[in-house]
Amino acid sequence: MADYDINGTIFYHLALRHMRGGALKTPWAAAWESLLNATPGLSERVELIWRERLKNSRQLARSGVVHALAVRPGRVSARVEDPLTHAMHSVKISAPVASSDVWDLFADRAGATRESAARLASGALEPAWVEPLLIKRADTTFDVDGALLSASDAPQPLPAAAWLVFAERLEADPWLWVLFRGQTRDGLLDRMEALRQAHAKQKEASAVSNQTLGEGLDMAGFWTMGSVPETPPQQEQADLLNRLRNEPCGIRVGKKRLSRMLARVIAGSLGANP
């Protein structure tokens with residue numbers, strides 16, 4: 001398969017592997033193909049036309065009428081050959097690029113754990129991430145040779161053939177869906193890292209603003225790698241020393257109470273008796 005980037009991906013002479021029209025495997029491909037399903041409430045005649053055109057489109061897609069297919073943010077472009085006249089047609093399938101909020105949500109979910117972030121970094125997209133990037137039928141438009149087709153009409157064979165080839169490519173490489181929705185893997189990883197740093201700063205700022213000498217004392221932040229923080233004002237140290245002596249916490253290092261160890265350090269800095 002060809003490499004791709006944000007500038008587009010081109011595949012040549014693709015043939016569907018699902019020769020019997022079997023169910024697509026990935027939720028990304030299934031979500032795309034489901035947009036071609038007939039809407040409920042159609043007359044029996046219209047629904048029959050709809051099904052027959054999709055059946056014909058599958059046969060056309062398998063026969064290789066889609067000579068090239070390019071994927072860019074918000075657009076799938078294809079060159080499709082008419083099997084009767086052998087004329088080449090330009091087909092474009094478009095949808096809005098996902099908004100920045102959607103990508104932040106996606107990056108948050110993907111970076112929720114180290115394991116999921118590692119999977120994303122290795123090129124794996126999880127089914128649970130499909131929902132934020134779904135599109136509706138009304139979001140997609142067909143353009144054939146510069147003429148816009150209605151998404152509510154029964155599928156036309158040539159553009160639907162391009163649609164089905166794209167579904168096949170999505171099964172082989174779900175990252176094309178991410179590209180189509182306006183992002184790349186590197187872009188997502190950068191976004192995840194930026195969000196992670198922002199969350200860390202926010203958490204740090206919150207811990208500092210909420211820290212008190214009493215119940216809100218952040219022991220993990222106070223005792224890091226065996227060292228105490230910078231010396232605060234003498235009175236604050238004295239108050240903290242009294243609290244550590246009079247209200248010892250239950251945390252132990254070996255057999256020694258952590259609060260007693262801290263009290264010794266602070267007392268030493270104040271020149272007081274431990």
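Arginine 196 and glutamate 193 are three residues apart in helix H7, so about one helical turn separates them. In this predicted model, the two residues form a salt bridge whose closest N and O atoms lie 2.8 Å apart.

**Pair within helix H7**
- Arginine 196 has a relative accessibility of 47% and therefore counts as partly exposed.

**Pair between helices H3 and H7**
- Aspartate 104 forms a salt bridge with arginine 191, with 2.8 Å between the closest N and O atoms.
- Aspartate 104 belongs to helix H3 (residues 100-110) and arginine 191 to helix H7 (residues 185-210), so the pair ties together parts that are 87 residues apart in sequence.
- The relative accessibility of aspartate 104 is 25%, which means that this residue counts as partly exposed.

**Buried pair**
- Glutamate 168 and arginine 169 form a salt bridge, and their closest N and O atoms are 3.5 Å apart.
- Both of these residues, glutamate 168 and arginine 169, are buried, whereas arginine 196 is partly exposed at 47% relative accessibility.

**Background to the pairing**
- Side chains of opposite charge can pair when their charged atoms come close.

Key
Residues are numbered from 1 along each chain as its sequence is written. This is a predicted model: local features need pLDDT of at least 70, side-chain atom pairs count only at pLDDT 80 or more; totals for chains, interfaces and linings use all residues. Side-chain values use heavy atoms; hydrogens and water are left out. A salt bridge is a side-chain nitrogen of Lys or Arg within 4 Å of a carboxyl oxygen of Asp or Glu. Helices (H or I, at least four residues) and strands (E, at least two) are DSSP runs, numbered from the N terminus. Buried means under 20% relative accessible area, exposed over 50%, partly exposed in between (1.4 Å probe, protein chains only).
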